[in-house]
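Q: I am new to this structure and would like to know what each term rests on. Could you take me through the terms one by one?

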Amino acid sequence: MTHINIASLEIGQQIGSSEYLLTRDSLVRYAGASGDFNPIHYRDDFAKSVGLDGVLAHGMLTMGVAAQVAADWVGDAGRIIDYGVRFTKPVWVDAVDGAVLVVTGKIGEIDLENHKVRIDISATFNETGVLGKAQAWVRL
Amino acid sequence: MVNPNVQGKTYPATNPYLVGREKIREFAHAVKSTSAVNLDLLSAQAAGYTDLVAPPTFAVVIQERSLATVLADPEADIDFSRVVHGDQRFVYNRPIVAGDELTSELTVASVKSLGAHSMVTFETKIFDISRDLVCTAISTLVVRGED
């Protein structure tokens, strides 16, 4: 059981909001942890040679960080049973300043019968959404 | 262009991947998780798990092993330097925990053309050592056409 009473929830209810600073260090760390060593995520010269504006965060890093709003709310990351996103915009990570990702979550759907709720997640960088249809089903 | 004939093709199961406790911690730190079940063994056990729980996107590590097989397949003809990740989804039957030995089997669910670009959707089934389905990972890659 969790501390959350499903009957008390309302559609549209905000469940949390956090800011995450993604730096080049974050990208290198994620590359190592995930095994995704595509140089567009750590080399400006390479990123530019393939027509990008610069180094961008791994989409999977953004997706992974964005999941935290749901994990923190439910208090047990193992209760996220279905999580999907579309990658709609790149997150450019400046070598000096990094990039700030703002993640918020709200209740999108309540399934009383199966005791689960859908969290609709928003992730923005420079006030632009970078994930589309980011939804996490959480078992309560 | 991606070869449309690989639609429906299933690739052989990958060799087992043993999920390590420290790998979970490393991945959890990388995605900025502060969830106790990802990081602290006693908390994970108190929540009813046998060991540390992997963050929900950890299955990408297993999916990548299958994807590498496809990208190396000359029949599929996917130019990795032109690949952009379009979407990703993980559907779990149960969470991945440290100690799991996981294999994955990838099927090319669809190949679509969108002008000069191709969109390829992969469905990767991740099994534990008892052959029970743990997670289904669904991933769409956009392969940009020649400029």
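A: Two strands are said to pair if DSSP finds at least two bridges between them, and the strands themselves are DSSP runs of E with at least two residues, while helices are runs of H or I with at least four, numbered from the N terminus. In β6(A), which covers residues 131–139 of chain A, the bridge partner of A:I121 is A:A134. The model is predicted, and local features need pLDDT of at least 70, side-chain atom pairs count only at pLDDT 80 or more, and totals for chains, interfaces and linings use all residues. Residues are numbered from 1 along each chain as its sequence is written, with chains lettered from A and ligands numbered from 1 in the order in which they are written.

Q: How do you know that β4(A) pairs with β6(A)?
A: Six antiparallel bridges link β4(A) and β6(A), and since a pair needs at least two bridges, the two strands count as paired.

Q: What makes β3 (residues 99–111) of chain A a partner of β4(A)?
A: Ten bridges in the antiparallel sense join β3(A) to β4(A), and one of the facing residues is A:G105, which stands opposite A:I121. The two strands form a hairpin with four residues between them, and A:H115 in that turn has a positive phi of about 55 degrees.

Q: Which residues form the covered face of β4 (residues 116–125) of chain A, and which the uncovered one?
A: A:V117, A:I119, A:I121, A:A123 and A:F125 make up the covered face, whereas A:K116, A:R118, A:D120, A:S122 and A:T124 make up the uncovered one. In chain A, which has 140 residues, 37% count as buried (20 or more other C-beta atoms, placed from the backbone, within 10 Å of a residue's own; 12 or fewer is exposed, in between partly exposed).

Q: Why are α1 (residues 24–34) of chain A and α1 (21–30) of chain B called roughly antiparallel?
A: Their axes, which are lines fitted to C-alpha atoms over the stretch in contact, with angles running from 0 to 180 degrees between N-to-C directions, come within 9 Å and cross at roughly 150 degrees. Angles under 35 degrees count as roughly parallel, over 145 as roughly antiparallel, 65 to 115 as roughly perpendicular and the rest as oblique, and α1(A) and α1(B) are therefore roughly antiparallel.

Q: Which residues make the contact between α1(A) and α1(B)?
A: A:R29, A:Y30, A:A33 and A:S34 of α1(A) meet B:E26, B:F27 and B:A30 of α1(B), where contact asks that C-beta atoms, placed from the backbone, lie within 7 Å.

Q: How many residues of chain B are in contact with chain A, and which element gives the most?
A: 28 residues of chain B are in contact with 28 residues of chain A, and β2(B) gives the most to chain B's side, with eight residues. β2(B) (83–92) is also joined to β2(A) (residues 80–87) by five antiparallel bridges, and there B:D87 is the bridge partner of A:R86.

Methods
Two residues are in contact if their C-beta atoms, placed from the backbone, lie within 7 Å.
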